[in-house]
Amino acid sequence: EDDKQRAEATINELRQQLQVLNTEYSVRDTAAADKLLVQKAETKRLENELEQLAANHAVEIAKLIDHHKQQKEQSIDNLTKCHRAELKKVNDLLREETLSKMEIEASKYEAVAAMEMAQEKARLVSAKLHEMTDLINTSKHLEKNNEELNLSLQKETERRKVLHNTIEDMKGRIRVYVRIRPLSESEIRADHANVMSKEDDRTIAMAADLSTGAEARAWEFDKIFCGTSEDGNTQEAVFKDTSLLITSAIDGFNVCIFAYGQTGSGK
């Protein structure tokens with residue numbers, strides 16, 4: 001019995017020790033877990049800082065590379081500009097020298113050409129002088145002939161006026177012409193008929209009017225213009241027949257041309 005009690009006491013003591021150990025283990029485990037979380041957070045922070053540093057480092061490297069590239073390009077550009085400026089100076093000097101030589105050569109050619117041109121002009125002036133002398137002599141002779149021709153022309157002009165107006169008087173001092181207007185397009189579309197017709201060079205006839213019972217009639221004139229332009233009924237034909245009277249008026253004779261007819265009849 002005593003051994004049993006001692007065993008139970010030992011077991012209880014061991015249980016208490018186990019409980020204490022479990023409690024200590026739990027506390028240590030919790031502390032370890034908390035410490036691990038802290039270490040993980042610290043590690044994450046350090047990783048973020050490392051990434052930031054790496055990014056900043058990459059940016060700085062890119063800036064340095066770009067700056068170096070710009071400096072390199074600027075240096076190359078400056079060198080190129082210097083070389084171009086020197087080359088331009090050399091080309092300008094060569095151009096000026098070439099132009100000077102060309103101007104000298106051109107001056108020589110121009111001087112020779114000017115001298116030849118002056119000699120040619122002198123020859124032309126001499127020829128013109130002889131030609132003008134001949135023209136003066138010829139013009140004096142023509143002037144004398146013109147005076148004689150003018151006198152003859154005046155005599156012939158007076159004679160022509162007299163003969164022309166004598167012929168016009170023989171045609172008749174009073175002449176009566178008639179002009180028949182052709183149908184217009186609107187009259188043709190309306191199926192109108194032309195009641196006037198030309199019988200011969202001096203006679204026109206008007207057809208009978210069945211609606212009124214008027215009989216056909218005929219009249220005689222000195223001149224008749226009838227039909228279309230193909231038949232000679234044109235402004236040019238009328239003027240050609242009256243132009244001789246206008247010539248008489250220009251010659252100083254009294255002439256009267258009187259046109260009579262209703263509006264639109266072709267006066």
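**Figure 1. Order of the elements.** From the N terminus on, the elements of the protein follow the order α-β-α-β-β-β-β-α. That gives 3 helices and 5 strands. The model shown is predicted.

**Figure 2. Overall dimensions of the chain.** The radius of gyration of the protein is 66 Å, whereas a compact globule of 267 residues would have one near 18 Å. Along the principal axes, the C-alpha atoms fill a box of roughly 195 × 95 × 25 Å. Of the 267 residues, 8% are buried. Among contacts with a separation of 6 or more, 44% join residues 24 or more positions apart.

**Figure 3. Surface and charges.** The protein carries 39 positive and 49 negative charges. Their mean positions lie 5 Å apart.

**Figure 4. The aromatic pair Tyr177 and Phe225.** The structure holds 2 aromatic pairs. In this one, the ring centres of Tyr177 and Phe225 are 6.3 Å apart and the planes stand at 65 degrees, so the pair is edge-to-face. Tyr177 belongs to strand E1 (residues 177–179) and Phe225 to strand E5 (residues 223–225), so the pair ties together parts 48 residues apart in sequence. Tyr177 is partly exposed, at 31% relative accessible area. Phe225 counts as buried, with 6% relative accessibility.

**Figure 5. The aromatic pair Phe258 and Tyr260.** The ring centres of Phe258 and Tyr260 are 6.5 Å apart, and the planes lie at 20 degrees, so this pair is stacked. Phe258 and Tyr260 are both exposed.

Definitions and conventions: Residues numbered from 1 in each chain as written. Predicted model: local features only at pLDDT ≥ 70, side-chain atom pairs only at ≥ 80, totals over all residues. Heavy atoms only, no water. Helix = DSSP H or I, 4+ residues; strand = E, 2+ residues; numbered from the N terminus. Rg over C-alpha atoms; globule rule 2.2 N^0.38 Å. Buried < 20%, exposed > 50% of the residue type's maximum accessible area, 1.4 Å probe, protein only. Contact = heavy atoms within 4.5 Å. Lys, Arg positive; Asp, Glu negative; His and termini not counted. Charge placed at Lys NZ, Arg CZ, Asp CG, Glu CD. Phe/Tyr/Trp six-rings, centres within 6.5 Å; stacked < 30°, edge-to-face > 60°.
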